[in-house]
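Here's a quick briefing to read alongside the coordinates. Have the viewer open and follow along.

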Amino acid sequence: MESRSHRFKENAAAALANPVLQASMKKAKGKFVDKRAIAIKEIDDFEGTREAAKQLRDRVLENLDLWLEKFESNATARGATVLWAKDGEEICRHVAEIGKRHGIKKAVKSKSMLSEEAGLNQALEANGIQPVETDLGEYILQINNNEPPSHIIAPVVHKSLDEVADLFEKVHKTPRKTEIPALTREAREVLRTHFLTADMGISGGNFLVAETGSVALVTNEGNGRMVTTLPRVHVVITGIEKVIPTLEDLSTLMRLLPRSATGQSISNYVSVLTGTKAADELDGPEHLYYILVDNGRADVIGSEFQEMLRCIRCGACMNHCPVYQAIGGHAYGWVYPGPMGSVLTPLYTGLENAIDLPHAATLCNQCGVVCPVKIPLPDLLRKLREKQTDRNLRPWLERAALKAWAFVAASPTLYALGVWFGVRYLKWLAGGKASIPVLSVAPEWTRGRDFPAPEGRTFRELYAQRKQP
Amino acid sequence: MSSREDILARVRQKLGRNETNAAVARAEIDTVLAAKAQGPRPQVDAEKSALVGRLIDKSRAYSSTVDQVATRGEAPAAIARYLIGLGLPAQAVIWPKLADLDWASAGVIVQARAAQDADLVGITGCFCAVAETGTLMLCGSVDSPAAISLLPETHIAIVPASRIVPGMEEAFALARKELGQLPRAVNFISGPSRTGDIEQTIVLGAHGPYRVHLILIDGA
């Protein structure tokens with residue numbers, strides 16, 4: 001997927017002015033936050049479980065090369081073929097080759113963010129394979145001219161019921177339905193036919209279990225099970241960082257992932273899939289391929305951003321982010337929105353291509369507090385800001401202003417003088433009113449709010465006055 | 001250089017890998033895999049009646065329904081009652097493993113084969129059940145195919161009370177002990193399929209079953 005992250009400011013402004021989006025975001029916000037808060041109370045030692053999850057993810061990242069080899073040999077021993085892809089293009093090439101080898105005409109897909117990174121659907125079409133998204137949210141997006149998702153676990157959180165009703169009426173050519181169960185039933189019937197006729201299933205992977213060479217898939221709709229049970233070929237596309245050691249580790253993570261994501265004690269379906277079907281088995285794929293993807297991940301290993309690779313893609317950071325709640329996911333411009341996206345997008349697509357994202361945060365640390373694997377997201381955002389400054393990527397005006405500020409702030413006399421003039425100027429500008437509607441030196445800042453007018457004297461002046469008896 | 005070699009070489013370089021630390025790390029990995037250390041666990045009373053009670057409560061919380069009978073032989077009649085009560089046809093696709101039960105006397109017409117789209121009712125057993133979350137663990141095999149719990153709109157599972165374990169850890173331990181290695185498809189199922197994609201409103205029956213009904217066998 002091509003990144004539009006360089007247009008963050010325009011996209012965010014448009015999102016704030018979009019009433020349908022604003023209404024949808026407001027509805028979603030409470031549900032995610034409240035449900036998670038209730039669900040984590042079921043865990044006696046939630047903090048201890050977070051710490052255990054953090055440690056087990058770190059354990060793998062610290063020796064990622066060897067854990068990958070372990071996973072690969074155990075998966076291969078059970079009949080899977082393990083392929084590797086450096087980037088999105090190579091993912092597409094692998095899938096096209098697999099398609100050709102097995103004479104594939106149609107591929108049903110359960111949600112895979114990596115296939116979004118790769119723009120896989122377009123590549124499949126170009127190779128004569130019809131891709132069908134089967135997660136209800138992803139399906140809605142696909143039939144709406146391949147609109148990108150706006151949330152990693154709730155892809156159409158930005159859409160209203162009315163919009164979905166209109167879309168189904170137009171695309172399915174059926175009478176308009178306005179009840180959510182009826183719309184869900186309609187999608188179920190359309191997609192059931194695809195499940196039964198597809199010859200390839202494509203899924204992501206929530207975790208790769210090194211001990212057994214398995215992939216763990218977590219879904220509620222059951223589409224993940226369909227995609228990995230019915231077609232004769234199953235392709236798993238997942239990042240190299242998704243390896244975990246044991247089934248016990250999977251058990252620990254399953255206490256955190258559904259609770260953090262949707263506020264469920266457990267997702268409806270947790271599938272642990274290993275190898276291909278036995279000759280006499282009645283269902284299951286005959287061929288299983290893993291595509292282990294780098295696409296920027298290997299370069300994060302060993303860096304000051306390595307902690308980001310612990311991410312288990314639950315979406316709690318965006319659900320709790322005041323910036324995400326206000327602008328939704330599309331404004332971030334690439335596959336991953338919210339705080340985790342603001343760290344991943346610059347790391348995977350280049351610091352210079354996502355210049356505003358590390359600043360799209362108030363650093364309030366809500367994301368850091370809720371993260372089930374304790375990723376210090378605000379720290380990572382701050383480090384990205386430092387990197388931008390080191391590489392002179394910030395706008396020249398900002399750099400000049402900060403240089404001037406540093407010069408003035410380093411001298412108490414200059415500082416006192418500057419502030420003395422400043423508060424008097426601003427008081428004069430306010431003309432007796434309590435606030436200033438437009439500041440010509442910071443027009444962006446006052447576009448959405450007024451600047452409170454100073455009283456006319458500096459803190460130092462007031463303090464000096466008070467000290468006198 | 002292949003992509004595999006390229007990716008691994010970059011990871012190795014970033015980690016500062018050499019032969020000495022590789023040997024140490026390999027030993028560590030073997031230790032971790034052998035130790036199978038568990039994380040902190042919520043308290044689950046492992047006494048049998050407590051496990052049964054918790055499984056029932058949690059299953060209901062996940063929108064499953066539960067019926068209890070004394071023996072395995074009573075399951076077909078209980079299933080017939082459930083289907084008639086809902087106005088569903090007394091006709092089902094079943095796990096081959098369950099073909100020995102007396103379905104005919106209970107008036108349920110069953111076929112032991114792969115599930116098809118037209119099947120309205122699927123009847124399965126389970127490998128075990130997890131009390132902590134009210135979850136069924138199904139293991140796919142020749143006589144327990146995976147799609148029977150997936151394609152039909154109604155999924156009925158026969159659950160022996162002796163097969164209820166406290167947590168997912170015990171379920172995996174049981175699989176290691178009894179099956180040696182994980183079967184191709186292990187599915188943990190907690191209630192009917194659902195989606196909240198449209199306006200975060202939960203709807204039951206997304207792509208899988210609309211209903212999950214447990215027949216708990218107290219004496220088995």
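A:Lys41 counts as exposed, because its relative accessibility is 69% and the exposed class starts over 50% (buried is under 20%, partly exposed in between, with a 1.4 Å probe and protein chains only). This is a predicted model, so a few ground rules apply: local features need pLDDT of at least 70, side-chain atom pairs count only at pLDDT 80 or more, and totals for chains, interfaces and linings use all residues. Side-chain values use heavy atoms, with hydrogens and water left out, residues are numbered from 1 along each chain as its sequence is written, and chains are lettered from A and ligands numbered from 1 in the order in which they are written.

**Loop residues of chain A**

- You'll find A:Lys41 in the loop between helix H2 (19-39) and helix H3 (46-62) of chain A; helices here are DSSP runs of H or I with at least four residues, strands are E runs of at least two, and both are numbered from the N terminus.
- A:Lys41 and A:Glu163 are 122 residues apart along the chain, and their C-alpha atoms are separated by 36 Å.
- Most residues other than glycine have a negative phi.
- A:Asn145 has a positive phi, near 55°, and sits in the loop between helix H8 (136-143) and helix H9 (161-172) of chain A.
- A:Asn145 counts as exposed because its relative accessibility is 69%.
- A:Asn392 also has a positive phi near 55°; its loop runs between helix H17 (377-390) and helix H18 (396-409) of chain A.
- At 47% relative accessible area, A:Asn392 is partly exposed.

**A buried histidine**

- A:His94 belongs to helix H5 (residues 88-101) of chain A and is buried, at a relative accessible area of 13%.
- Leaving out residues up to four places away in sequence, A:His94 touches A:Leu83, A:Trp84, A:Ala85 and A:Ile291; contact means heavy atoms within 4.5 Å.

**Chain A overall**

- Chain A has 20 helices and 12 strands, and its C-alpha trace spans about 95 × 55 × 45 Å along the principal axes.
- Of its 469 residues, 59% count as buried.
- Among contacts in chain A with a separation of 6 or more, 74% join residues 24 or more positions apart.

**Domains**

- Chain A splits into domain 1 (46-293) and domain 2 (396-467), with bounds from an automatic or database domain assignment.
- The centres of those two chain A domains, taken over C-alpha atoms, are 53 Å apart.
- Chain B is assigned domain 1 (3-35) and domain 2 (48-217), and 42 Å separate their C-alpha centres.

**Where the chains meet**

- The contact involves 101 residues from chain A and 76 from chain B.
- Together the two chains bury about 7,800 Å², 56% of it on carbon and sulfur atoms; buried area is the accessible area (1.4 Å probe) that two parts lose on being put together, summed over both.
- B:Arg184, B:Ile198 and B:His207 supply 13% of the area that chain B buries against chain A, more than any other three residues.
- Helix H4 (residues 64-77) of chain A packs with helix H1 (residues 3-15) of chain B at an angle of about 145°, axes 8 Å apart; axes are lines fitted to C-alpha atoms over the stretch in contact, and angles run from 0 to 180 degrees between N-to-C directions.
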